[in-house]
Amino acid sequence: MTEQHISHGILSNKHQFGLHLVQIFLVGLTIGMTRVAVPGLAETDFGLADQAFFLLTSFVVAFGIVKAIMNLFAGKLSEHYGRKQVLIWGWLIAIPIPFMLLYSPNWNWIIGATILLGFNQGMCWSMALNSKLDLAKTTQKGLVNGVNEFSGYAAVGIAGVITAYFVELWGAKEGLFIFSLIVILSGLLLAKLTIVETLPWAQLHVQQAQTSGQDTSHQTLSQLFRTASIENKPLVALNQAGLVEKFTDAIVWIFLPVYFLSQNLTLIQASSIIAVYGIVWGASQLITGPLSDKIGRKVLIVWGMVFCGLGVLAIPYTSDVSLWTLEAAFIGFGMAMLYPNLGAAVGDFAPPQHRASLIGIYRFWRDSGYAFGALAMGIMTQWSQNLILPFWFVGVTMLLSGIVVQLSLPKKS
């Protein structure tokens, strides 16, 4: 495509924008398939000992470490090789996952499959988001993050329910194999055949920034990492909030299925409650993302942290399916308030030429929260043999993190 045909805006690029939404939906399905089936059946189908809480968290720790590292480098890789190429690499790396799930003789194979899943998510999710930001106007970052996370996390919730039914029909390994193979091959074929490289749109953003007099000087990844992690107060606050909010997603991923099964719910009942969390999170971002473009990011981020913290604290003190469902929806809405707007806020503070790298650094810290949170929850639960302790840990840290954002971000942000 020639330069004169390149223009920014979601409507101007609706065909490619829509195809990238399909990509993010498929990426969401890929992670969502592990959300209920793997923790819920860890003992019965994957050989994990009863009450081995530390080992139960190991697959999420591995996922978080790998995805965080890939997030850090995916942006830089895409600046050299292109967004599309990194997207395709992400799908290729995922191809062994269905076969590892099917033939897994022990829990180590599940950890290995999850490591590959971390590569896939770090590369594919990052590229699908960055490509949409390339295509959109700079004033549409909240909308882009909203519809992106809607597509991805609605898929996470849907996949949890579908895989629960697949497991009921064919067994855990066979059900996960069928579902994951279909999704991964679909993602790879569509990425190869339908996606257009968006680096020309990214370069146009940089040219427009230069024209408007913005600083477009080059910085290395290590310089940007230091700026975002230590020196720049708003970016530091956003990065810590991203890290801590993954504690909420980690407890939903690891401990909610186990907790609900311990309360004598079936796998399908547990998956349905957890799906409410994902679907409300996904759908509400269609409102909260664009809303932040109008009223600012800060208020939505802070109240989202509060909603999540209170919702997580409420779960172990109720004992009714309808209340658990409402609480899951409440947490999902809190995530919808904070999640797309953390990423959009990072974009607000990022110069165009370094946006992919700074978002990658944010995503590094954010997804390292899976590892830090899962490790902490696994250790404390193994030590105490108390399933309620992680809920208190997550709830309190979410509330404290919200206070940090409130104190650190500029008033009008």
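Residues are numbered from 1 along each chain as its sequence is written, and side-chain values use heavy atoms, with hydrogens and water left out. Because the model is predicted, local features need pLDDT of at least 70 and side-chain atom pairs count only at pLDDT 80 or more, whereas totals for chains, interfaces and linings use all residues.

Two packed helices are described by the angle between their axes and the distance between the axes. Helix 12 spans residues 267–295 and helix 14 spans residues 321–349. Helices are DSSP runs of H or I with at least four residues, strands are runs of E with at least two, and both are numbered from the N terminus. The two helices pack at an angle of about 35 degrees, and their axes are 7 Å apart. Axes here are lines fitted to C-alpha atoms, for helices over the stretch in contact, and angles run from 0 to 180 degrees between N-to-C directions. The crossing of helix 12 past helix 14 is right-handed. A crossing is right-handed if the near helix is turned clockwise from the far one by less than a right angle, and left-handed if anticlockwise. The contact of helix 12 with helix 14 comprises 16 nonpolar residues, eight polar and no charged. In this division, Ala, Val, Leu, Ile, Met, Phe, Trp, Tyr, Cys and Pro count as nonpolar, Asp, Glu, Lys and Arg as charged, and the others, Gly among them, as polar.

Aromatic pairs were examined next. The structure holds 28 of them. Rings of Phe, Tyr and Trp (its six-membered ring) pair if their centres lie within 6.5 Å; planes under 30 degrees apart count as stacked, over 60 as edge-to-face and the rest as tilted. The F247 and F393 ring centres are 5.4 Å apart and the planes lie at 25 degrees, so this pair is stacked. F247 belongs to helix 11 (residues 233–262) and F393 to helix 16 (residues 389–408), so the pair ties together parts that are 146 residues apart in sequence. F247 is buried at 7% relative accessibility. F393 is partly exposed at 22%. The cut-offs are under 20% relative accessible area for buried and over 50% for exposed, with partly exposed in between (1.4 Å probe, protein chains only).

A further aromatic pair, W303 and F307, is edge-to-face, at 6.5 Å centre to centre and 80 degrees between the planes. W303 and F307 are four residues apart in helix 13 (residues 298–314), which means a separation of about one helical turn. W303 is partly exposed at 47% relative accessibility. F307 is also partly exposed, at 21%.

F372 is placed in helix 15. Its relative accessible area is 47%, which makes F372 partly exposed. Leaving out residues up to four places away in sequence, F372 touches L243 and F247. Contact means heavy atoms within 4.5 Å. F372 and A250 are 122 residues apart in sequence, yet 9.7 Å apart in space, C-alpha to C-alpha.

One aromatic cluster is formed by F46, F59, F63, W107, W253 and Y370. R35 lies over the face of W253, at 4.7 Å from the ring centre. K67 lies over the face of W125, at 5.5 Å from the ring centre. A charge sits over a ring if NZ of Lys or CZ of Arg is within 6 Å of the ring centre and within 35 degrees of the ring normal. W253 is also in contact with T34, as are P39 and L117, neighbours within four places in sequence being left aside. T34 is in the loop between helix 1 (14–32) and helix 2 (37–40). T34 is buried, at 8% relative accessible area.

N264 sits in the loop between helix 11 and helix 12 and is exposed at 71% relative accessibility. Q385 sits in the loop between helix 15 (355–384) and helix 16 and is partly exposed at 35%.

A113 lies in helix 6 (residues 107–135). A113 is buried, with a relative accessible area of 3%. A113 touches I97, M100 and L101, residues up to four places away in sequence not being counted. A113 and H15 are 98 residues apart in sequence and 33 Å apart in space, C-alpha to C-alpha.
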